[in-house]
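Please open the model in a viewer and keep the sequence panel at hand.

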Amino acid sequence: MAPRSKKGCISCRIRRVKCDETKPHCLRCQTSRRVCDGYLDDAHAMSRRQLAHVVRNLSVIGPVARALSQSPPSDAVMGRRQPVAIQDYVYFDLFRSVTAPATDAFIPSDFWHHDLLQLAHAEPAVWHATLALGALHQRWDLAATTDKDALIRTAIKHYAAAMAQAKNLDSPAKLLALTLPLIAAANMLGFWNESHTHILSALRLLTQNAPTSPESRRIAFTLSRMDMLSMTFSDSKAPYPFDASAALYSPVHAHLRQGNPFQSYSEASGNLFLLLREIMLTDESLSHTEYDPAAYAAARSDVKQRLVEFEGQMAAWEARQTDPSIASAAISIRIYHALMRLIMHATLSASECSLDLCLGYFERIVALSSAFLRQENLLGRGKLHLSLESAVIMPLWDSGKRCRHPVLRRAALRLLRNTNRHEGMWRSDGAAKTVEAIIATEEGQQLNDDYMVDDRYVVTKDQEAAAIALPWDAWVVPGFHPQSTYTWEGFHRIPETSRVRDVLVLSRFDHHELDLRLLMCSGDPTIPYGPAKDLTIKLY
């Protein structure tokens, strides 16, 4: 019997049968009606046992050779003649085929699934960063505690290796690109202070190196989205460094502001998130002792003017679009635009009761979030959906927290409970449990699952369609506010002193717990906070 060739196709080698080595697909596989997984090149050579292990664990659908050929060969990446660990192929493939596309699903961008993968083929630091993210994604997918612990150790090892190799990057653009997966990995590991350090480092790089190429602008816009996400999640032991960030934002925004027509939803969202970041930094100045009312008013006026310009640009941009594949991006950008308009409308008042007049904004955020989750088939508590950037969790959490209409806020809560998502440092289960605690505190009752089957709390397709159809031109009209299908007729309004004004969170996800400090309203416009209520909530 002729010996089996080590250059046979992957399928025949795993089955331990002789391959005729016909390319691109061997005849033996074709005649037996099997899928031929193709051939490995010398750079990716491995034993039959190693191949079997990789094939069992790869998430790719299609020829295995194609997936492995998109993984960096050992010599090119590691800089020495030592094979890449077999499990590393699995982590890289999971990042390439699942993590990156899921992240880009909300705001289409070429950074995660194209630019970063290209760098990973040539730069060891970026390669290790993608492995850390792949291992962390697999960790969140598993239920077994022991496997999770091992994957965390693996992720930390690659995370540390990425930072150690960063000194070998030969350009600021590559270093800036590396910071984004490092931010993402730190977020998933719960290393909040390290995440903030990476963000500040990236902002400093942007102040020194204006992004001029399409690739560098994609990196910068991605950073603006990830930075804004960090601003909205502030663990009580690692608060976001607003002062340090504010000192850097002016030159960064000057580099990225765009007066020309948008060329993509990625550019458009980047500009919107810059405005969101700017108004959040501006509003943060209200808590400073050196607060300057005139400077604050001027800053808000400038942001509002540029927001109107943005809305005009969006009207012109979408009038030219015919590609149905970007429909979800049209929904996504409207979610954060509604949040931006809500912030501009609501933060001037010291009273939480003033938010009762903002039902149109809250309904728009909830309806658009529902439309996105429905369109992307992301509803259901089963499979985990992970994104390295922000999507719907934070806007839904904000609506559940600040909207006191009992039906509308429960519609937001229902969506949080009816999906299984991680977005950066935000988790849908933790956000839902926090909203439940706020509702129970404000309404003086304990929640149960009965409301989950109440049709009053389901967002209808008509509500979704109306939110999507509202034209951008409508916002340009002075004094415009979106209308709501909800009213206060028949509902009790929560008194100011019974409302939660702010929440401090200490996350202990490894123990499946969150420590909350609910800061109540004082009822006195000159005193922002009243008494605090501390509680610990179990995630499950």
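**First selection: a covered helix**

Begin with helix α18, where the buried residues are I393, M394, P395, L396, W397, D398, S399, G400, K401 and R402. Buried here means under 20% relative accessible area, exposed means over 50%, and partly exposed lies in between (1.4 Å probe, protein chains only). The helix spans residues 393–402, and ten of its ten residues are buried. Helices (H or I, at least four residues) and strands (E, at least two) are DSSP runs, numbered from the N terminus.

The model is predicted: local features need pLDDT of at least 70 and side-chain atom pairs count only at pLDDT 80 or more, whereas totals for chains, interfaces and linings use all residues. Residues are numbered from 1 along each chain as its sequence is written, and side-chain values use heavy atoms, with hydrogens and water left out.

**The whole chain**

The chain exposes about 23,600 Å², of which carbon and sulfur atoms supply 54%; accessible areas come from the Shrake-Rupley method with a 1.4 Å probe, and for residues only the protein chains shown count as cover. Contact means heavy atoms within 4.5 Å. Among contacts between residues at least 6 apart in sequence, 72% join residues at least 24 apart.

Select strands β1, β2 and β3 next. These three strands form an open sheet in the order β1-β2-β3, with mixed pairing. Two strands pair if DSSP finds at least two bridges between them. The edge strands are β1 (380–387) and β3 (426–427), each of which pairs on one side only. Two bridges join β2 to β3, and these strands run antiparallel. E423 stands opposite W426 in β3.

Which strand holds H422? H422 is found in β2, residues 419–423. Its relative accessibility is 8%, so H422 counts as buried. Not counting residues up to four places away in sequence, H422 touches W140, L384, H385, L386, S387, I393 and R427.

**The nonpolar core**

A nonpolar core is a set of buried Ala, Val, Leu, Ile, Met, Phe, Trp, Tyr and Cys residues joined through side-chain atoms within 4.5 Å. Select W112, L178, F310, M314, Y336, M340 and W426: these have the most contacts inside the largest core, which has 133 residues. Helix α16 (residues 327–346) gives the largest share of this core, 13 residues.

Centre the view on L178. Leaving aside its neighbours within four places in sequence, L178 is in contact with A125, V126, A129, A162, A166 and L169. Apart from this core lies another, of twelve residues, among them I438, V505, L516 and L518.

**Aromatic pairs**

Rings of Phe, Tyr and Trp (its six-membered ring) pair if their centres lie within 6.5 Å; planes under 30 degrees apart count as stacked, over 60 as edge-to-face and the rest as tilted. By this rule there are 15 aromatic pairs. Select Y240 and F242: their ring centres are 4.9 Å apart and their planes at 70°, so the pair is edge-to-face. Y240 is buried, with a relative accessible area of 5%, and F242 is buried at 16%.

Then select F273 and Y336, whose ring centres are 4.8 Å apart with planes at 40°, so the pair is tilted. This pair links distant parts of the chain, with F273 in helix α14 (residues 265–284) and Y336 in helix α16, 63 residues apart. Both F273 and Y336 are buried. Ring pairs link F106, F273, Y336 and F372 into a cluster.

Finish with strand β5 (residues 513–521), in which eight of nine residues are buried. Strand β4 (residues 500–508) pairs with β5 in the antiparallel sense over eight bridges; L518 in β5 is the bridge partner of V503. Eight bridges also join β5 to strand β6 (residues 529–538), and these strands run antiparallel. The bridge partner of L519 in β6 is A532.
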